[in-house]
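Subject: The model, plus notes

Hi,

Here is the structure I promised to send over. Have a look first, and my notes follow below.

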Amino acid sequence: MDAIDRKILALLQDDASLSVQEIGNRVGLSSTPCWKRIQKLEAAGIIARRVALVDPDKVGLGVTVFVSVETADHSQEWLDRFAQTVGAMPQVMEFYRMAGDVDYMLRVVVPDMHAYDRFYKQLIATVPLKNVTSRFAMERIKSTTVLPIG
């Protein structure tokens, strides 16, 4: 990746609906070379996909919960089952295996406390868990999908 590729990525992260011509104009390329670069970035998996970002509050998903999970079982079989089950839960926006005192961290979005309670009951019924801690976000101060590519 060179500086032009990085500029293309920065533009697409900000607004993926820009035309190839507009992107090319902004990075100093004509449409065809710009389009070829975008195609190469997609083929290399650098551009994983293009999506529309939806405001969770405006679609009734205003509660964000960070869920820490500790387990006593660290076997691959347990992880595979847990990952498959949690990965299929649509409320889970992000799911990480962690280093430190917490084994897994989830970012969950739900419409309200009742919906979170249903999610929580579903989560603890999936596989044996040692501890589940829920932290409710009071205010979203910064939320971005733009990576600092430079």
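Buried here means under 20% relative accessible area, exposed means over 50%, and partly exposed is in between (1.4 Å probe, protein chains only). Contact, which I use for packing and touching, means heavy atoms within 4.5 Å. Helices (H or I, at least four residues) and strands (E, at least two) are DSSP runs, numbered from the N terminus.

Before you dig in: this is a predicted model, so local features need pLDDT of at least 70 and side-chain atom pairs count only at pLDDT 80 or more, while totals for chains, interfaces and linings use all residues. Residues are numbered from 1 along each chain as its sequence is written, and side-chain values use heavy atoms, with hydrogens and water left out.

The expected span is 1.5 Å times one less than the number of residues. Just after α3, Gly 45 takes a positive phi of about 80°.

α1 has 12 residues and reaches 17 Å from first C-alpha to last, close to the 16 Å expected. Its buried residues are Asp 5, Ile 8, Leu 9, Leu 11 and Leu 12. These cover an arc of only 165° around the axis, which puts them on the same side of α1. What covers them includes α2 and α3. Ala 3 and Asp 14 are exposed, on the face of α1 turned away from its buried side.

**The sheet**

Next, the strands. There are 4 of them in an open sheet, in the order β2-β3-β1-β4, and the pairing is antiparallel. Two strands count as paired if DSSP finds at least two bridges between them. β2 (92–97) and β4 (131–136) are at the edges with a single partner strand each, so one side of each is left without a neighbour in the sheet. On average, neighbouring strands are turned by 20° against each other, direction ignored.

β1 (residues 63–70) pairs with β4 over 6 bridges, and 7 bridges join β1 to β3.

Leaving out residues up to four places away in sequence, Thr 64 touches Arg 107, Val 108, Val 109, Arg 135, Phe 136 and Ala 137.

α4 (residues 76–87) lies across β1, β2 and β3 (104–110), at about 165° to β2. α5 (residues 113–126) lies across β1, β2, β3 and β4, at about 160° to β4. For these angles, axes are lines fitted to C-alpha atoms, for helices over the stretch in contact, and angles run from 0 to 180 degrees between N-to-C directions.

**The rings**

How many aromatic pairs does the structure hold? The count is 8. Rings of Phe, Tyr and Trp (its six-membered ring) pair if their centres lie within 6.5 Å; planes under 30 degrees apart count as stacked, over 60 as edge-to-face and the rest as tilted.

One of the pairs is Phe 82 with Phe 95, edge-to-face at 5.6 Å centre to centre and 80° between the planes. It links distant parts of the chain, with Phe 82 in helix α4 and Phe 95 in strand β2, 13 residues apart. Phe 82 is buried at 0% relative accessibility, whereas Phe 95 is partly exposed at 27%. Phe 95 also pairs with Tyr 104, tilted, at 6.1 Å centre to centre and 50° between the planes. Tyr 104 is buried, with a relative accessible area of 5%. Ring pairs link Trp 78, Phe 82, Phe 95 and Tyr 104 into a cluster.

Cheers

Technical notes
Arc of directions from axis to C-beta.
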